[in-house]
Amino acid sequence: MRILHIDTGPGLRGGQRQLLMLLQGLEARGHEQTLLARGETLQAWPGAPVMKGSLWRLSRTVDVVHAHDGRGHALAAQFCWGKPLVVSRRVAFPIKKGIFSKIKYLRAQKYLAVSRHVLEVLLQSGIPEGKISVVYDSVERRELVSDKASVASRNAGGPLHVLTPQIDDPLKRSDIVQQACKKLGAEVILSADLKRDMDQADLFAYLSESEGLGSAVLLAMAHRKPVIASRVGGLPEIVIDERTGLLVDNDVESVTAAIRRISQDAELNAGCVDRAFQQILGRFTDDIMVRRTEEAYQSVVRRPLPIV
């Protein structure tokens with residue numbers, strides 16, 4: 001199959017990292033791929049900048065177009081007529097109303113919702129259920145930390161180290177994590193590179209006001225770190241309270257109590273870590289994500305295009 005991927009994000013955030021995993025997996029399965037992207041994504045995978053002329057020309061040569069973000073979706077809806085359009089939907093925001101938005105969303109044949117929560121948002125916005133598949137984010141199998149002994153705290157005897165993302169996004173609440181850690185005398189690792197810094201952490205805290213799923217949480221689980229996360233969006237689909245982590249409200253008292261509890265209760269800590277790791281193995285690995293995406297492509301290539 002020949003696939004045109006479109007992503008307009010300038011940096012390597014969660015969505016772009018998932019795209020790179022998908023590109024690798026589809027290449028290994030023998031598919032031909034063309035990438036139109038920006039910035040760091042083009043440094044990580046061969047491709048070309050997103051340009052209107054390229055969109056029109058290259059879309060003539062492929063079997064399916066896959067838009068990986070909102071702006072990519074808008075551009076594909078405008079310039080990639082005549083070929084099936086698959087759209088990844090990673091955010092939990094309602095779809096905007098208006099004629100241009102309606103045309104844009106009618107144009108796609110398939111939506112890949114990153115969680116059941118995002119699927120429900122799409123349904124509430126009027127997207128037919130038959131046009132939506134849930135394709136969860138994933139982690140690479142080669143990144144799974146299978147040796148429990150290798151994750152023993154490197155900070156034994158010292159202060160607790162709490163890892164949280166450093167993201168320029170007002171919806172991400174690392175400020176609450178910092179306040180909670182200050183009350184507990186714990187140290188915060190504000191990280192712009194979670195893979196690099198994961199080994200330094202005793203636990204991972206991910207707070208957000210809105211979340212499609214939370215691929216950073218999956219990464220922490222794959223590295224056998226206990227997780228504390230906000231009780232919002234798609235996060236409860238992966239952080240099952242007191243089973244695979246602890247869910248919290250976005251306030252200092254709730255987060256402080258959760259950090260104290262999971263750091264002091266060894267049985268709870270170990271149980272959550274083990275169950276979360278098994279969950280990753282069964283539902284959230286890159287091979288599963290690639291296969292589910294490939295199935296979505298096949299479903300729209302066989303289906304006649306709608307008249308919009």
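In this predicted model, the side chain of R60 lies over the face of W56, at 4.1 Å from the ring centre. A second contact of this kind involves R224, whose charged end sits over the ring of F277, 3.8 Å from its centre.

Contacts between aromatic rings were examined next. A pair of aromatic rings is described by the distance of the centres and the angle of the planes. A search of the whole structure finds three aromatic pairs. One of them is formed by Y105 and Y111, which are stacked, with 5.8 Å from centre to centre and 15° between the planes. Y105 counts as buried because its relative accessibility, 9%, falls under 20%, and Y111, at 0% relative accessibility, likewise counts as buried. Another pair, that of Y136 and F284, is edge-to-face, the centres being 5.2 Å apart and the planes standing at 75° to each other. This pair links distant parts of the chain, since Y136 belongs to the loop between β7 (132–134) and β8 (161–165), whereas F284 belongs to the loop between α11 (266–283) and α12 (286–301), 148 residues apart. Both Y136 and F284 are buried.

Oppositely charged side chains also meet in the model, which holds 14 salt bridges. Among them is the bridge between E294 and R29, with a distance of 2.6 Å from N to O. Here, too, distant parts of the chain are linked, for E294 is in helix α12 and R29 is in the loop between α1 (14–28) and β2 (32–37), 265 residues apart. The two partners can be described by their accessibility: E294 counts as buried at 8% relative accessibility, while R29 is partly exposed, with a relative accessible area of 45%.

A further salt bridge joins E209 to R173, the closest N and O atoms being 2.8 Å apart. E209 is placed in the loop between β10 (203–206) and α9 (215–222), and R173 in the loop between β8 and α7 (174–184), so that the pair links distant parts of the chain, 36 residues apart. E209 is partly exposed at 36% relative accessibility, and R173 is partly exposed with a relative accessible area of 22%.

The side chains of E242 and R261 meet in a salt bridge as well, at 3.1 Å from N to O. Because E242 lies in the loop between β11 (227–230) and β12 (246–248) and R261 lies in helix α10 (residues 252–264), the pair ties together parts that are 19 residues apart in sequence. E242 counts as partly exposed at 37% relative accessibility, and R261 is partly exposed, with a relative accessible area of 37%. Finally, a network of salt bridges links E140, R142, E143 and K195.

Notes:
Residues are numbered from 1 along each chain as its sequence is written. This is a predicted model: local features need pLDDT of at least 70, side-chain atom pairs count only at pLDDT 80 or more; totals for chains, interfaces and linings use all residues. Side-chain values use heavy atoms; hydrogens and water are left out. Rings of Phe, Tyr and Trp (its six-membered ring) pair if their centres lie within 6.5 Å; planes under 30 degrees apart count as stacked, over 60 as edge-to-face and the rest as tilted. Buried means under 20% relative accessible area, exposed over 50%, partly exposed in between (1.4 Å probe, protein chains only). Helices (H or I, at least four residues) and strands (E, at least two) are DSSP runs, numbered from the N terminus. A charge sits over a ring if NZ of Lys or CZ of Arg is within 6 Å of the ring centre and within 35 degrees of the ring normal. A salt bridge is a side-chain nitrogen of Lys or Arg within 4 Å of a carboxyl oxygen of Asp or Glu.
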